[in-house]
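Me: I'm new to this one. Can you walk me through it, starting with the open spaces?

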Amino acid sequence: MKSLNMMSAFVLSLTAILATGPVLARDAAAHGEMARDGAPKVEPVADLPAGAAVLPGHIGGRVLAEGSDGGFRRQWPGTYVETRFMGPSALFRVGPGDVSLRISVDGGAPAALVKPKPGVYRVTGLKAGAHTLRVDTASETQAGPSAFGGFYAPAGTKPLPIPARVRQIEFIGDSHTVGYGNIADQAAFQQTCTTAEVWDTTDTSQGIAPRLAGRYGADYQVNAISGRGIVRNYNGFAADTLPQAYPYTLFDHAVRYDDPAWHPQVIVIALGTNDFTTPLHAGEKWATRDALHADYELTYVDFVKALRAHNPQAYFLLWATDMADGEIAAEVAKVADKLHAAGDSRLAFLPMHDIAFSGCHSHPSLADDAKIAKALGDYMDAHPEVWQAK
């Protein structure tokens, strides 16, 4: 279990994110290119050039469509959008809202745009030929949505078809699924990660979801919120639990999510860390730990049953770490047993052991993310029925 100092730091960081959005540690990153070696050149331009045409895009994640140019607002983490074209350059528009983006071409090293100003950005320096341009959302934005304004083709750039992916995987969870602080090395911080450092070191695009989905060439959604649980949020703070937030496209409850094209064959769930890693406080609705366990089990079972009703052929993978002296894993195992007893055979529980938790605030690191994704994938490979819907 986290130390009290670590718990306090995590709560303060979450409070700041909820109240004001993430804080940027490096203002220079907001205005220009942060390309690594081999990454594409990404630069802001005054406006779309004359004659620029819309490039079709493929969107991964929950979004609220806006306009006719393929633009959208999004708030759930891990959203990505892709386009294909023939030509030496392409453009995209960033709308309002704090966000950290990763821009990659043809699967290469990404360039980072951290809190970019709204406007048009140009990707240049590409070799002649066909290219796939991808924009990933790396950051978590609980405080409010961010907007993407679509892809555009300047003169000389032609759209190409975007191959459809057959497989789909949905990930439901908390900060572990988000990738909270995953690119940090906690040992490198003298005390704890600040809110700004959490912002800088959270990268959903390198987390569990893209690693596992990439293994199978699958589209994916990351429907996760840091600090949220099944019935209780971290340290008992007041906000929607994950099942309460889950039905909606954004966190404002204004529009219920409904996408007829989204039929995940696999649904991966990791929830319970925030329910159980802190002690109950006076005034909370559960008088005892046993009462919390009972509420958790009942609500989790009902949540999975509701998901099953919408995804009758999906295979569910419930996983948990051995944090909180094994309390989380024991409770998730009970949930899996209850679902099996109710007749759900397309479901498994996977405990995760030997996780280093060396990211910010004792969260999984990139190495931990890779280990968890591998364990999930190894189970799936050993059970071909995962992809064989009955």
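Me: How much space lies in the largest pocket?
Reply: About 640 Å³. Keep in mind that this is a predicted model.

Me: Which residues lie nearest its centre?
Reply: Arg102, Pro110, Asp136, Ser205 and Gln206. The whole lining of the largest pocket comes to 34 residues.

Me: And which elements give two or more residues to that lining?
Reply: Strands S7 (80-86), S9, S10, S12 and S16 (219-224) do. So do helices H3 (195-201) and H4 (208-215).

Me: How does the lining of the largest pocket divide by residue type?
Reply: It has 12 nonpolar, 10 polar and 12 charged residues.

Me: OK, S9 is on that list. Is S9 largely enclosed or open?
Reply: Largely enclosed by the rest of the structure, because six of the six residues in S9 (residues 100-105) are buried.

Me: Which residues sit on which side?
Reply: In a regular strand, side chains alternate between the two faces of the sheet. For S9, one side has Ser100, Arg102 and Ser104. The other has Leu101, Ile103 and Val105. Both faces are covered, and these residues are all buried.

Me: Which strands is S9 joined to, and by how many bridges?
Reply: Four bridges join S9 to S10 (residues 111-114), and the two run antiparallel. Five bridges join S9 to S12 (residues 130-137), again antiparallel.

Me: Which residues face each other there?
Reply: On the S10 side, Ile103 has Ala111 as its bridge partner. On the S12 side, Ser104 stands opposite Arg134.

Me: What lies between S9 and S10?
Reply: Five residues, and the two strands form a hairpin. Asp106 in the turn has a positive phi of about 55°.

Me: What lines the largest cavity?
Reply: There are 13 lining residues. Nearest the centre are Phe72, Arg74, Leu101, Thr137 and Phe148. Strands S6 (71-74), S7, S12 and S13 (146-153) each give two or more residues to this lining. S13 gives the most, with three.

Me: How many of those lining residues are nonpolar, and how many charged?
Reply: Nine are nonpolar and one is charged. The other group is polar, with three.

Me: New topic: Ile208. Where does Ile208 lie, and is it buried or exposed?
Reply: Ile208 lies in helix H4. Ile208 has a relative accessible area of 2%, so it counts as buried.

Me: Which residues is Ile208 in contact with?
Reply: Leaving aside neighbours within four places in sequence, Ile208 is in contact with Phe171, His176, Trp319, Asp369, Ile372, Ala373 and Leu376.

Me: And how far is Ile208 from Pro364?
Reply: They are 156 residues apart in sequence. In space, Ile208 and Pro364 are 9.8 Å apart, C-alpha to C-alpha.

Technical notes:
Residues numbered from 1 in each chain as written. Predicted model: local features only at pLDDT ≥ 70, side-chain atom pairs only at ≥ 80, totals over all residues. Heavy atoms only, no water. Buried < 20%, exposed > 50% of the residue type's maximum accessible area, 1.4 Å probe, protein only. Pairing = 2+ DSSP bridges. 1 Å grid on protein atoms, 1.4 Å probe; cavity = no way out; pocket = protein on both sides within 12 Å on 5 of 7 lines; lining within 4 Å. Points joined across faces, edges and corners; volume = space filled by probe spheres on them. Nonpolar A, V, L, I, M, F, W, Y, C, P; charged D, E, K, R; others polar. Contact = heavy atoms within 4.5 Å.
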